[in-house]
Amino acid sequence: MLKLLVTGGAGFIGSNFVRFVLERSQDCHVINLDKLTYAGNLENLAGLENDPRHEFIQGDICNESVMRESLQKGVDAVINFAAESHVDRSILHSSEFVQTNIVGTLNLLELCRKNRIRRFIQISTDEVYGSLGSSGAFTEQSTIAPNSPYAASKASADLLVRSYCHTHGFPGIITRCSNNYGPYQFPEKLIPLLISNALSGIPLPIYGDGLNVRDWIHVRDHCAAIETVLHHGKNGEVYNVGARQELPNLEVARRILRALNKDESLITYVEDRPGHDRRYAIDSSKMETQLNWRARISFDAGLQETIQWYRSNTAWIEHVRSGAYMTYYDRMYGRRSQTLSER
Ligand code: NAD
Ligand code: DAU
C-alpha cells in the first residue's frame, strides 16, 4: 500500500491528482492536507467523502505540529501542491505568497528530512524561468529569472528544495509545468473565467493586446506526469512538463466563444497586468526521453471537454461565485471540518 501525503489537494490540480491516483490504483492511500484558503474547495473532492482510501485534514503547511503529526502517519511520499497560485493576487498582496510558498515549503522540507520521507515532489511552475521572446522554449537548464512575486516565491521554494538535495542528500524532485486547464479550476484563471463569463453572456476581459502567449496542458496530462515522476523520477532532478500547445490569449478567447456559439463582441480589452510575461513555452524532452511520459490530450479536445464540464457543473460555478462552496462540509455533515489539532 502506497501512502501519499498530498498538500493543497482541495485546489485545482491537487484535487485532480487525488482523483487521478485513486482511480488508477486500489492500493493507494491519500492523506489530503489543505488549509482551505479561498482557492481550496471541498466540492472538488465530492464523492470521495466515504472512500476509506482518502483522508482529508484541514491544515496549514506552515504549521509545524500539524505537519509533523501528518507525516508520522506512515507516509511514503509527499507531493506539495499547496501554494498561493494566482499572479494577479501576488501583485496586490505578496506576503501570503512568501509565507505559504517559501516558509511553508521550508517547513515541509525540514520535517520530511527529519522523518526520513523517501520521496518529496515539489510542484513548481515554468514561471520561475521568466519570459521568452518570440522563439525558443524553457529547458531545465534555462536561467531562473522570475518576474512576478508569485514566480519569485516559487523560484525561492525550488532553490530551497535544491539546497536540501545538495546539502542533506534529501530525496527531492522538482516538476515545472506550463499553464494547466481542465475541470475544477477556480474562475480567476484565464480559461475558466472566459468560459464562465461566456456562459453568462458577460464580457471576457483580455489584458493588454491579447497577444501574450501561454503553453497549455490539460490537467490530466500534468497528473500523469507527476505520477510518472513519483514512480520513476530521479532524486535531485528537475523535470519540465508541457504539451507544446502555445496560443495567444486572444485566440483562446475566440475558440471558447466559437465553441459556445457566442459573439466575439464579448471580448473586452482591459488594462494590462503589471510586468506581464509575454510568452511561455516549455520543452519537456527530458520527461519524454528519460521517463517515457508525453502529453496525450490535444488542446482542442481538452478545451471541448473542459467547456462541457463547466456547462454541466453550473452549480459548482455558482457556489464558487457566491462563496457557498466554503460551507460545503457544514451542509453535507452539519459540522465544520476539523483541523488535526482539534481531533
Ligand atoms: P490552487 O490555487 O487551485 O490550489 C492551491 C491549494 O493550496 C488550495 O486548495 C489552497 O487551499 C491550498 N493552500 C494554500 N495555502 C496553503 C497552506 N498554507 N497550507 C495548506 N494548503 C494551502 O492552485 P493550482 O492551480 O491547483 O496549483 C497547484 C500547484 O501547482 C501550485 O503549487 C502552483 O504553483 C503549481 N502550478 C500551477 C499551474 C497552473 O496552471 N495552475 C501550473 C504549474 C504549476
Ligand atoms: O505557467 C504556469 C502558471 O500559469 C502557474 O504557475 C500559475 O499558478 C497559473 O496561475 C498560471 O499563471 P498565468 O498568469 O499564466 O495564468 P492566468 O490564468 O492568470 O493568465 C493566463 C494569461 O491570460 C496571462 O497572459 C494573463 C491573461 N489574462 C488573465 C486573466 C485572469 C487575461 O488576459 N485576462 C484575465 O482576466
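Colleague: How far is an oxygen atom of ligand 2 from an N or O atom in the side chain of Tyr150?

Modeller: First, this is a predicted model: local features need pLDDT of at least 70, side-chain atom pairs count only at pLDDT 80 or more, and totals for chains, interfaces and linings use all residues. Residues are numbered from 1 along each chain as its sequence is written, chains are lettered from A and ligands numbered from 1 in the order in which they are written, and side-chain values use heavy atoms, leaving out hydrogens and water. A polar contact is a pair of N or O atoms within 3.5 Å; within protein, one must be able to donate a hydrogen and the other to accept it, and residues adjacent in sequence count only if both atoms are side-chain atoms. For Tyr150 and ligand 2, the distance is 2.6 Å.

Colleague: How much of the accessible area of ligand 2 does the protein cover?

Modeller: Accessible areas come from the Shrake-Rupley method with a 1.4 Å probe; for residues, only the protein chains shown count as cover. On its own, ligand 2 has 690 Å² of accessible area. Of this, the protein covers 94%.

Colleague: Which element gives the most to the shell around ligand 2?

Modeller: Helices (H or I, at least four residues) and strands (E, at least two) are DSSP runs, numbered from the N terminus. A residue is near the ligand if one of its heavy atoms lies within 4 Å of it, and 23 residues surround ligand 2. With three residues, the top element is strand 8.

Colleague: How many charged residues does the shell around ligand 2 have?

Modeller: Ala, Val, Leu, Ile, Met, Phe, Trp, Tyr, Cys and Pro count as nonpolar, Asp, Glu, Lys and Arg as charged, and the others, Gly among them, as polar. The shell has nine nonpolar and eight polar residues. The charged residues number six.

Colleague: Now ligand 1. How far is a polar side-chain atom of Lys154 from an oxygen atom of ligand 1?

Modeller: Lys154 is one of the closest of the 28 residues around ligand 1. Tyr150 is also among the closest there. For Lys154, the distance is 2.7 Å.

Colleague: Which strand supplies the largest share of the shell around ligand 1?

Modeller: Helix 1, strand 5, helix 5 and strand 7 each supply at least two residues. The largest share is three residues, from strand 5.

Colleague: Is Asn180 buried or exposed?

Modeller: Asn180 has its place in strand 7. Buried means under 20% relative accessible area, exposed over 50%, and partly exposed in between (1.4 Å probe, protein chains only). At 8%, Asn180 is therefore buried.

Colleague: How do the rings of Tyr181 and Phe299 pair?

Modeller: The structure holds 15 aromatic pairs. Rings of Phe, Tyr and Trp (its six-membered ring) pair if their centres lie within 6.5 Å; planes under 30 degrees apart count as stacked, over 60 as edge-to-face and the rest as tilted. Here the centres are 5.2 Å apart and the planes at 65°, so Tyr181 and Phe299 are edge-to-face.

Colleague: How many residues apart in sequence are the parts that this pair ties together?

Modeller: Tyr181 lies in strand 7 and Phe299 in helix 10, so the pair links two elements. Tyr181 counts as buried at 0% relative accessibility, and Phe299 at 4%. In sequence, the parts tied together are separated by 118 residues.

Colleague: Which residue lies over the face of Tyr38?

Modeller: A charge sits over a ring if NZ of Lys or CZ of Arg is within 6 Å of the ring centre and within 35 degrees of the ring normal. At 3.5 Å from the ring centre of Tyr38, the residue is Arg89.
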